[in-house]
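Me: I have a model open and a few things to check. Can you go through it with me?

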Amino acid sequence: MQETPWVLEAQNEEQQKKNIALLFDAVKMSMQLESSLNKLADMQSPNGGFVWFKGGPDNRYMTQYIITGIGHLKKLNALPSFQQGDLKNILEKAIPYLDKMLKLDYDNLIKYKSDLKSNNLSTIAIQYLYMRSFFPEYAVAKETQTAYNYYQVQTRTYWLSQSKYMQAMIALSLYRSHEETTANAIIKSLKENSINNEELGMYWKEWNQHGYWWYQAPIESQALMIEAFSEIEKDSKTIDDLKTWLLKNKQTNNWKTTKATADACYALLLQGTDWLSEEKVVTIKLGNTSINNKDEKQEAGTGYFKRKIDGDKVNPGMGNISVAVSSSTNQSTKKPVNSSASWGSVYWQYFENLDKITFSETPLKLSKKLFIEKNTDSGPVLQPVNDGDKIHIGDKIKVRIELRVDRDMEYLHMKDMRASCMEPTNVISQYKYQDGLGYYETTKDVSTNFFFGYLNKGTYVFEYPMFVTHSGNFSNGITTIQCMYAPEFTAHSEGVRVEVEK
């Protein structure tokens, strides 16, 4: 971690894990709930809307988001009895405020003589209908009923032109309004457009296209899909596949916002297999050596455990590794439960000459090539340096690194070692942009380092120039890359030697 610019993030993550223990203090939890609710009530304006920051104007989106959050707690039966009265006071002011805002949208359509039969569906109106579906006990105000009915018809007519996130919201609001035919059609369409992967589960390609609006957030979108499929289709296999993508995303990414994390937790607590009550039995066999997680010290909450095997106890048979994951009986129901997602890693750590190291890949894949840049009448030409080729002092060498990644990852460090006979020309550390990718590049004595805060799925090519300064036979080193969030995602190129003539 000392080589990376993310030391503070790592310390923050470690502190978060320690703070989890505080959540199990019931007295502290009760006090925090009361304090949080008081803060929330204090942020509500007299007209019923919530402000984003105290002293500011009421914010319609923020109000709908907060009331939706209360709806989530209500659906999970997670509202404490001692807070029911306070929450009721909040709802009785906020819901009429939001009804009036929807009526204002409809009144503006009339005022500006918009074509009422065309698509007038906004994301804020869809969010309103989704929020409203959690509270059927609060009747829509009479003066808002016409606007409410109009936007309900709009969702039935124009749902196909909306994003996947909006489609799921529409499906839930219609299903809860007993418009099951359209809701089922939306779910069928969503399923047909999904991507299914044995390892990553079920997701949508739109999740890779990150935007800046609230309805373009992949974590919240996947969480909403889980809610929609849980409530409408009710297929445990599909729901578990959706949950798998959410957890696999957390394996290599940091959920940056409380909003994303809260929505993800809500989704994981909904229907499908109850993964929280499941106790896994993991048996790992390395040749004749067997390791069982029940015999190891496991990290509280995550189940993480590690076994270190010293070199003198390692034998060739340990190269044959098999892993069996089974589920023990649910202690509360005494019934066996289905197996959910799990992951782990095995790595060998040993010393070897750099030029003897062979290529290795995971979902990350690296290849490195050297080229001699020669000036010709038609311009600069690159000639590949193959194994055994001789280069000369003064030659301009271009390093080309090709990186392939099969999923979105965060916080990656790529280290490209170089032969001691070569000196790079770009010695100033700086932040760079290339083909939509931003990264930090820094040159050290024996390597050039690349730091990626975020790396989208795809293929990337990096190049930088060097000059040959010494003659002799040299190891060119290897290029390595590792995801700081999931160290098991690592790869390196093969090691080669270069020969330089005077």
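Reply: Ile321 sits in strand β7 (residues 321-327); strands (E, at least two residues) and helices (H or I, at least four) are DSSP runs, numbered from the N terminus. This is a predicted model, where local features need pLDDT of at least 70, side-chain atom pairs count only at pLDDT 80 or more, and totals for chains, interfaces and linings use all residues. Residues are numbered from 1 along each chain as its sequence is written, and side-chain values use heavy atoms, with hydrogens and water left out.

Me: OK, new topic. Where is Asp241?

Reply: Asp241 is in helix α10 (residues 236-252). Asp241 is buried, with a relative accessible area of 18%.

Me: And what does Asp241 touch?

Reply: Leaving out residues up to four places away in sequence, Asp241 touches Asn196, Leu200, Gly201 and Met202. Contact means heavy atoms within 4.5 Å.

Me: Which loop holds Pro487?

Reply: The loop between β19 (479-483) and β20 (490-492). Pro487 is partly exposed at 44% relative accessibility. Pro487 and Gln251 are 236 residues apart in sequence, and their C-alpha atoms are 9.9 Å apart in space.

Me: How many disulfides?

Reply: The structure holds 0 disulfides, a disulfide being a pair of cysteine sulfur atoms within 2.5 Å.

Notes. Buried means under 20% relative accessible area, exposed over 50%, partly exposed in between (1.4 Å probe, protein chains only).
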